[in-house]
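This briefing is meant to be read alongside the sequence and the coordinates. It takes up a few local features in turn and keeps to what the model itself shows.

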Amino acid sequence: MALSVDRPEKRRRLVGKQSQQTALLEHVVGEENRNTSREVYLVTLPHTDKEGLRAPAAFSREEVRDAFLDCCGAPDADPAWLASRRGQGAAPVGVKKLVAFKEYHAPVAGVRRAHYRVALHLGKKSKFRTVKRALLNRYQLASHWSCSHDGHWSAVGYCANATPKKPRSALDVDYLAWPADHPPLSAAKREPTTARALEKRRTAREQVEGEKGKPEPRAKEVDLWPIVVRSGIRNTPDDPHAVRKLMAYAKTSCSHKVVAWTFKNEHVLEKIIDKAWAWENVDSFLEDATKPVMQQFKEAFRTPCVCGGRWLHHVRESLSMNCIDVPDLCSSILMSLKHGRSEAAPVVTLAGRFGGEGKSLLFSAVRPLFGGEHVQERPGGGQFCLHGLDKAKAAVLDEWMFIDEDLPLSIQLLWLEGKPVPTTMPQNQHVGHKVYMGSAPIFVTCPETALAGLSSESSQRPQGQAGMLLRRLKLYSFTVPIPKPPAPKLVPCPRCFSTLVTSEALKFKPK
């Protein structure tokens with residue numbers, strides 16, 4: 001006898017999923033592309049006398065804002081769509097910012113009727129249909145969603161800028177912006193200046209001048225910004241021919257006026273290339289530069305490994321061969337990262353007897369962790385040797401000699417103790433001098449001979465600067481060179497550095 005099996009009920013496929021609100025959704029506000037998914041919309045709430053709809057003039061700007069936040073937070077899916085998915089609702093649509101403008105139609109029979117325009121910037125690309133349905137169902141508001149704006153600035157500018165058809169007297173001076181930290185309208189309506197925007201503006205100017213029978217506009221230095229970015233040409237240590245590459249690119253891809261300007265100013269092209277990339281990448285630079293040290297250290301744990309485990313293997317081998325108390329060392333490093341340079345955290349110092357023990361290898365990961373431009377390397381000689389220290393997030397003093405350095409012991413002591421450090425600035429770039437008060441952590445590697453010099457100086461004057469400086473150091477002695485790793489070259493790995501320091505510091509037990 002065959003066993004009977006309970007088969008799951010077959011889902012019924014609904015044909016022609018139309019809700020009763022479809023007719024109202026397609027009211028007389030024009031055709032809309034329902035399938036468009038965008039991040040920025042310009043939404044119009046038009047006045048209508050259609051039965052079942054409310055006039056926008058009945059709403060205040062605050063009520064319009066609240067209606068959009070409510071409908072985006074809990075959109076209404078099509079009833080037929082809900083039935084086919086057994087009640088699974090539409091996903092909420094986050095709102096990043098919005099601006100509500102109240103505008104008026106031309107007077108008809110002495111009556112001026114109002115409508116609203118809302119510059120809506122969503123948290124991600126989304127379709128508008130479910131939000132439009134929620135506005136209709138809950139607030140009886142008809143809406144038209146324009147999909148022709150590329151950015152929030154464009155939608156805001158459409159409402160905030162006077163035009164021949166919309167004089168200044170028709171603009172809404174009492175607009176409502178959300179959230180509270182929304183940029184002022186004067187800034188929000190401006191298109192961000194990017195390489196793409198600059199190129200677009202110059203092309204538009206060329207077309208306007210061409211229609212008038214005039215030559216192309218005069219070239220300026222800023223016109224090279226989009227050209228440098230488009231070409232991808234950079235100044236790098238391994239490529240000294242960036243200027244020649246830019247010249248070759250301009251010959252084949254740029255207009256006559258741009259080539260003429262480039263020919264005349266060839267002597268400054270190298271600086272312009274660096275300047276163009278600095279402006280292009282300033283947002284990502286500031287994101288890294290302003291990120292707290294510990295946040296960046298913790299985030300490195302979630303980045304992919306770039307060394308395949310080789311860097312970590314050789315670091316562990318170095319620490320093991322030299323009998324280093326790894327939990328104690330990693331706890332000291334973690335304390336230095338948390339507190340920065342201060343009296344609460346001693347300066348972690350790795351001293352080597354012969355060289356090649358791997359002490360520099362451990363701190364080599366600090367540079368890619370924070371970015372080379374954010375790490376203070378060993379200062380060179382000269383009176384401006386600490387220039388740029390105020391921008392550093394960490395300092396790695398490799399093979400530091402203490403007594404024999406151009407930096408006086410008094411300045412070294414102030415720096416390592418976490419006290420204000422006077423720094424001399426070149427007066428052709430700055431007015432006056434600076435006092436460095438930052439807290440960037442300091443990591444030192446040095447030969448044992450450098451410590452011997454400090455000890456000798458300290459023994460002659462126990463209360464002198466050398467003795468005080470020596471007491472600021474937490475020393476770890478490396479005496480055994482490690483085998484040189486085979487090719488390819490070891491790549492310092494921020495993820496492995498973060499993993500090593502965090503995991504080993506948890507094992508530390510204070511004595």
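The points below cover a helix, aromatic pairs, charges over rings and a cavity.

The structure is a predicted model, and the features described here should be read with that in mind. Helix α18 is largely enclosed by the rest of the structure, eight aromatic pairs are counted, and a search of the whole structure finds one cavity of 30 Å³ or more.

**Helix α18**

- Helix α18 spans residues 409-417, and because seven of its nine residues are buried, the helix is largely enclosed by the rest of the structure.
- The buried residues of α18 are Leu 409, Ile 411, Gln 412, Leu 413, Trp 415, Leu 416 and Glu 417.
- After α18 comes Gly 418, which has a positive phi, near 85°.

**Aromatic pairs**

- The count of aromatic pairs comes to eight, and in one of them the rings of Trp 225 and Trp 279 have centres 6.0 Å apart and planes at 55°, so this pair is tilted.
- That pair links distant parts of the chain, since Trp 225 belongs to helix α8 (residues 224-231) and Trp 279 to helix α11 (residues 269-280), 54 residues apart.
- Trp 225, at 8% relative accessibility, counts as buried, whereas Trp 279, at 56% relative accessibility, counts as exposed.
- The rings of Phe 297 and Phe 497 have their centres 6.3 Å apart, and because their planes stand at 85° the pair is edge-to-face.
- This pair also links distant parts of the chain, with Phe 297 in helix α13 (residues 293-300) and Phe 497 in helix α21 (residues 494-505), 200 residues apart.
- Phe 297 is buried, with a relative accessible area of 1%, and Phe 497 is buried, with a relative accessible area of 1%.
- Elsewhere, Tyr 41, Phe 68, Phe 128 and Trp 145 are linked by ring pairs into a cluster.

**Charges over rings**

- Lys 166 lies over the face of Tyr 158, at 5.3 Å from the ring centre.
- Arg 495 lies over the face of Phe 301, at 5.5 Å from the ring centre.

**Cavity**

- The search of the whole structure finds one cavity of 30 Å³ or more, and about 30 Å³ of space lies in the largest cavity.
- Ser 336, Gly 340, Arg 341, Ala 345, Pro 346, Val 347, Pro 441 and Ile 442 line the largest cavity.
- Sorted by class, the lining of the largest cavity has five nonpolar, two polar and one charged residues.

How values were computed
Residues are numbered from 1 along each chain as its sequence is written. This is a predicted model: local features need pLDDT of at least 70, side-chain atom pairs count only at pLDDT 80 or more; totals for chains, interfaces and linings use all residues. Side-chain values use heavy atoms; hydrogens and water are left out. Buried means under 20% relative accessible area, exposed over 50%, partly exposed in between (1.4 Å probe, protein chains only). Helices (H or I, at least four residues) and strands (E, at least two) are DSSP runs, numbered from the N terminus. Rings of Phe, Tyr and Trp (its six-membered ring) pair if their centres lie within 6.5 Å; planes under 30 degrees apart count as stacked, over 60 as edge-to-face and the rest as tilted. A charge sits over a ring if NZ of Lys or CZ of Arg is within 6 Å of the ring centre and within 35 degrees of the ring normal. On a 1 Å grid over the protein atoms alone, a cavity is a set of points where a 1.4 Å probe fits but cannot get out, and a pocket is an open set with protein on both sides within 12 Å along at least five of seven lines; lining residues have an atom within 4 Å of a point. Grid points are joined across faces, edges and corners, and a volume is the space filled by probe spheres set on the points. Ala, Val, Leu, Ile, Met, Phe, Trp, Tyr, Cys and Pro count as nonpolar, Asp, Glu, Lys and Arg as charged, and the others, Gly among them, as polar.
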